Amino acid sequence: MRFTRTLITVGFLAFSLPLAADQAQAQAQDRAKQLVESFHDALVQVMQIPGHGSREAYIEPHIASVFDTSRIAAVSLGRAWRTLPDVEQMAFIELLNELIVATYADRFDAYSRQQFVTDEVKAVRTGFVVRTRLRRDAAADVALDYFLRDDKVFNVVADGVSDLSLRRADYNSIIKSEGYERLLEHIRDKISAARSGT
Amino acid sequence: MTLRLCLVCVCLLCSACGTLLGPEHGVFDRGEGFNRASYGLTDRVDRSVLLPVAKGYDKVTPGWLQSGILNVFENLRTVGSSINGLLQAKPRASATDLARLLINSTIGVGGFFDVASRWDLRFQQEDFGQTLAVWGVTRSRYVYVPFLGPSTWRDLPSTIIRSTMPRLLLGYEYHWAMSALDIVSAREDLIASTRVRDASALDPYAFTRDAYYQRRKFLIYDGDPPLDDFFDEFDD
């Protein structure tokens, strides 16, 4: 009798555990899709807001909830990240966040019936990829892939070109040739340029 | 004819000598000093001559005419794409390009109207650099060709052939003014991309080089590179 009960319990666990894992995976995929789609809705809204300052104010909370800025900062700086004290790491994360917000507010400044379409959500070894397309009038679609880990986006790949990879190459080149302090100055200049529309 | 043959031989030799080094589909820039100088020169000429001309062209040419002119030159380049589709054992891609060429050259009035895209026959964008990559040449050294732009030794033949394809096809009947129009319209088409580069890049040279490698990988995998690579790349 006891053996039968044990057998039933083991059988139940053998079937239910993979089911639970599948369910958790499906829920995580749904969350990833919803996160990206809510960000796209925000981008469509921001394109219709006049004034850079107003656009920044609108998009900032969305950027904070969607992007994993600390992971982006760490990857962007590569080895230099590990040599920075905690205070400077935090300051860099804030500066990077400012840059991302200013860049989105600058790029998404005009609405001409652009549409975002979600194609699929793919589970990969250590996260998810939400594959989407930006549809524009009289221009080819742009493939936009959002890479997520721990429910946050850390990389956006547009037509095969990775934002994080470019950022890392760009920042490391400046650190190597001009030093970390100059990198910060360059980033501040880019933020000012985005805000002034130059 | 001899000149064309020599050009092809030089291109093949270049690509044979300059490959098989560096990481797979990754950045390998051993000649950075030369490449940076070449980039700097090209950028100066671009900003002082080509970009103002392209902006002027953009101002005086209506959008429909700009698209039509771009279509004409892309149509001529479809020949190379179709051949390379075949060399990569992609008969479907090759046939799509061939169908595009036939439809756009006839119904599309010499390629001016891209009728084929409306029938969902998209330009396949194959070239000899991608063919070499499919054949196994996945590593190659970066070279910034003065006035032609970013390339690798593997992609150099296709970079040169691409820029001279209309002349190779039409021979001496191809007037130099057409080459000038090809260059100016292509530059005008790139204005938005270079604006993004200028707004984002702190080191435009490194930015362009890395974007080039990534874009090439994207094309080699026909727009579907392995997604895990984008995760693995950042696992330190």
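Modeller: Two residues are taken to be in contact if their C-beta atoms, placed from the backbone, lie within 7 Å, and the model discussed here is a predicted one.

Colleague: With that definition, how many residues of chain A are in contact with chain B?

Modeller: The contact is counted from both chains, and on the side of chain B there are 20 residues. On the side of chain A, the number in contact is 27.

Colleague: Which element gives the most to the side of chain A that touches chain B?

Modeller: The elements that give two or more residues to this side are β1, β2, β3, β4, β5, α6 and α7 of chain A. The residues of this side divide into 14 nonpolar, eight polar and five charged. With eight residues, the element that gives the most is α6(A).

Colleague: Which strands of chain A stand at the edges of the sheet?

Modeller: The open sheet is formed by five strands in the order β1-β2-β3-β4-β5 (chain A), with antiparallel pairing. Two of these strands have a single partner each, so one side of each is left without a neighbour in the sheet, and they are β1 (115-124) and β5 (161-162) of chain A.

Colleague: What length does helix α5 of chain A reach from its first C-alpha to its last?

Modeller: Helix α5(A) covers residues 86-107, which are 22 residues, and at 1.5 Å a residue 32 Å is expected. Buried residues in α5(A) include F92(A), L96(A) and I100(A).

Notes:
Residues are numbered from 1 along each chain as its sequence is written. Chains are lettered from A and ligands numbered from 1 in the order in which they are written. This is a predicted model: local features need pLDDT of at least 70, side-chain atom pairs count only at pLDDT 80 or more; totals for chains, interfaces and linings use all residues. Two strands pair if DSSP finds at least two bridges between them. Helices (H or I, at least four residues) and strands (E, at least two) are DSSP runs, numbered from the N terminus. The expected span of a helix is 1.5 Å times one less than its number of residues. A residue is buried if 20 or more other C-beta atoms lie within 10 Å of its own, exposed if 12 or fewer, and partly exposed in between; C-beta atoms are placed from the backbone. Ala, Val, Leu, Ile, Met, Phe, Trp, Tyr, Cys and Pro count as nonpolar, Asp, Glu, Lys and Arg as charged, and the others, Gly among them, as polar.
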